[in-house]
Amino acid sequence: MPTTCLHTCRNKEYHPPRASFLPPELIDHIIGYLHDDHASLKQCALTCHALLPRARFHRFFSVKLGQYTFERFLQLLDASPDIALCVRNLTIVVQQTNAFFSTYDNELWVEKHLLKLAPRFRSIQKLEIRKYNTLKAAPFKAFTSVKELVLRQCSCFSMHEYTDLMSSFPSLESFMNVDVMVGKSVHINDAVQDAPPLRALEFVNCKVDPTMFVDWLISQSVQQHAERITLAPMQKQALIPVGRYFKSAGASIKHLRLCLVLLLSQGGISDECISEFSLAPLVGLETIEFGSPAAFARQYQADDQSFTWIATMLEQITSPRIRTVSFALWQGDLDQIQSSDDWDKITALLSSEQFRSLQGVEFHILANDEEKEKMVSILEYRLSGLKNRELLKFDLNPSKERYFPGLTTTTPRLYQ
């Protein structure tokens, strides 16, 4: 190369290729793929200022706070207040195992600090409260944006406090209770605000006074909005009040999940209960799911493992919209499926004109491989007509938490 040319090249100002900029919508979409990868989101936030807002949104979309993480998160909010607006799902774990703190000390931080913190969280959609042994409404009243409330392993001294908590969320649409115990009240104070327009109400392994609670729900017209109801399990004393709720709700209920725990010494499901408890008013019902009789009987030390109540409830269904019937089956249900008169009746019903709108019959089976194979074979034989229509569906790896809640606990619950 000539010297002049070399000199020219060396002295010419170098311009690197111009970077190609992606549209912000595409960047947001790409970062969205990292929504559950906190380490990568952190790197994105540190790489470029333009990536910070979306990376921060996903990083703090769900936040879990406890006694030992609360102060650190509060310091983070003081430094970057906008983080609070990113939080959509907030989980508060009140009781944390520590030999140096009493129950009172463990719960004191909630009552002391949460009221101050709540106004910052103006975008919370889901609030989950865990292990609060003296559940009170007051610390949560400022979370007015909450649409979904979940209580896990909590207890409340009175029905008044419990309904006060429900009424603290004016936009609440879904209320889920898992392992919740509510004390009785003489009455519910008139000072309690109006109930929110609940669309989903779920109780899993809970102890709540059914008569007082149902009376309050009906008085607040909650049944006009509720589309999804879970009662797993119900005991016999709940049948009559729940039956009143169903009569009042009528066509609004579209999705129902039920399990019934019965004692043979109490006569199982009696004619008196059937006359008061019926699914016939639920003319808008689209899906119904039955819990495993054997699994819940084992869990609650009950002795009635029959499918009699399921056959009875199937017979009550009048909805022309019913499209899915689901059964959770445990290994202890095998004998009943194989030889009981109840299953003869269930088979006849599901194959009848009454269920002509069916689009699927689902079985969620928890057992060893040999028992699963037996159950599938028996059910395919019994329901051969539905099999030929390709309506049978088998889930051989079901979620234990979803379909068999509490089955693995070492201490059985007591039938009460």
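Predicted model: local features only at pLDDT ≥ 70, side-chain atom pairs only at ≥ 80, totals over all residues.

Reader: Which strand pairs with strand 8 over six bridges?

Author: That's strand 7 (residues 228-235), again in the parallel sense. Look for Arg228, which sits opposite His255 of strand 8. To get from strand 7 to strand 8, the chain passes through helix 10 (residues 239-249), and this β-α-β crossover is right-handed.

Reader: Is strand 8 mostly covered or mostly open?

Author: Mostly covered: seven of the seven residues in strand 8 (residues 255-261) are buried. Follow the side chains and you'll see His255, Arg257, Cys259 and Val261 pointing one way, with Leu256, Leu258 and Leu260 pointing the other way.

Reader: Okay, now a single residue. Why does Val376 count as buried?

Author: Buried means under 20% relative accessible area. Val376 has 15%, so Val376 is buried. You'll find Val376 in helix 16 (residues 369-382).

Reader: What does Val376 touch, leaving aside its neighbours within four places in sequence?

Author: Val376 is in contact with Ile365, Phe394 and Leu396. Also, the C-alpha atoms of Val376 and Lys393 are separated by 9.8 Å, with the two residues 17 apart along the chain.

Reader: And how do I read the pockets?

Author: The general idea is that rolling a probe the size of a water molecule over the atoms shows where empty space is left. Here, the largest pocket holds about 930 Å³ of space. Its lining has 38 residues, with Cys206, Lys207, Val208, Asp209 and Pro233 nearest the centre.

Reader: Which element gives the largest share of that lining?

Author: Strand 7, with six residues. By class, the lining of the largest pocket has 25 nonpolar, eight polar and five charged residues.

Reader: How much space lies in the second largest pocket?

Author: About 520 Å³. Of the 31 residues lining the second largest pocket, Val204, Arg257, Glu401, Arg402 and Tyr403 are closest to its centre. Elements giving two or more residues to this lining include strand 8 and strand 9, while the largest share, four residues, comes from helix 18.

Definitions and conventions. Residues numbered from 1 in each chain as written. Heavy atoms only, no water. Buried < 20%, exposed > 50% of the residue type's maximum accessible area, 1.4 Å probe, protein only. Pairing = 2+ DSSP bridges. Right-handed = clockwise from strand over helix to strand, strands pointing away. Contact = heavy atoms within 4.5 Å. 1 Å grid on protein atoms, 1.4 Å probe; cavity = no way out; pocket = protein on both sides within 12 Å on 5 of 7 lines; lining within 4 Å. Points joined across faces, edges and corners; volume = space filled by probe spheres on them. Nonpolar A, V, L, I, M, F, W, Y, C, P; charged D, E, K, R; others polar.
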